Amino acid sequence: MSLVRIQFRFLVQILDNFFVMKLRKIISAIVLTSMMLSTSNPAQAQRRTSQTASLGQMSCQGINRSDRYSAKNQDVPVGFEMFRAVAELNNGSWIEQENPATVVCRLAAAGQSPKYRRLTLAFGLSDRNRLSSSSTVRLAIYKDGNLFEYKDITGGQKLLWNIDVSGTRSLAMKATCLRSPENYCPGIYFFEDILE
């Protein structure tokens, strides 16, 4: 009798564990689904499905031999915050006062119509460079060879710039050292360079 009772209890315990595991899986699936639904909205869904690119993926060339827009993947402190840099614009390690750093990037291949509508740039000067706090750099944007707009940046600032590039086949960026105690300014670090 006691053996039957032990076997019955053992069977109940196995069934109980089985249902608890199934219940945990069901609850986990419900929680995961609700988290996914709560963190996604139509704008994010559209952003994920639309065709995006990084400016660093485009065919970019420097005007002078040392001018470059080089891809990065490193942490850079700006304004006492840490950001992940995706690119840097300079002519060597700096931006010389007498020689602005200028690159031109192709947004549409020859014979193809432009497909991007917006460029989002986030950029700043590294706090680690001793000249950042006393330098001013101007970033000018040219669309198809024509000056579009410019923004001046000093140490400690991080700027966000949304640029309409609808119908633009090529885009140029020109970084000019406006003010520095030396003959050069620090390069500009980019934390976002998204084409949509």
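**Salt bridges, disulfides and a sheet**

Analyst: E182 forms a salt bridge with R130, with the closest N and O atoms 3.7 Å apart. A salt bridge is a side-chain nitrogen of Lys or Arg within 4 Å of a carboxyl oxygen of Asp or Glu. This is a predicted model: local features need pLDDT of at least 70, side-chain atom pairs count only at pLDDT 80 or more, and totals for chains, interfaces and linings use all residues. Residues are numbered from 1 along each chain as its sequence is written, and side-chain values use heavy atoms, with hydrogens and water left out.

User: How many residues apart in sequence are the parts that E182 and R130 tie together?

Analyst: Strands are DSSP runs (E, at least two residues), numbered from the N terminus. E182 lies in the loop between strand 10 and strand 11.

User: Is R130 buried or exposed?

Analyst: Buried means under 20% relative accessible area, exposed over 50%, and partly exposed in between (1.4 Å probe, protein chains only). E182 has 30%, so E182 is partly exposed. R130 has 57% relative accessibility, so R130 counts as exposed.

User: Which residue forms a salt bridge with E196?

Analyst: E196 lies in the segment after strand 11 (184-195). Its partner lies in strand 6 (residues 118-124). The closest N and O atoms are 2.6 Å apart, and the partner is R118.

User: How many disulfides does the structure hold?

Analyst: A disulfide is a pair of cysteine sulfur atoms within 2.5 Å. C60 and C105 form one, with their sulfur atoms 2.0 Å apart. Another joins C177 to C185, also with S to S 2.0 Å. The structure holds two.

User: Why is the disulfide of C60 and C105 called right-handed?

Analyst: The handedness comes from the torsion about the S-S bond. For C60 and C105 that torsion is about 110°, so the disulfide is right-handed.

User: Is C105 buried or exposed?

Analyst: C60 is partly exposed, with a relative accessible area of 26%. C105 has 1% relative accessibility, so C105 counts as buried.

Notes: Helices (H or I, at least four residues) and strands (E, at least two) are DSSP runs, numbered from the N terminus.
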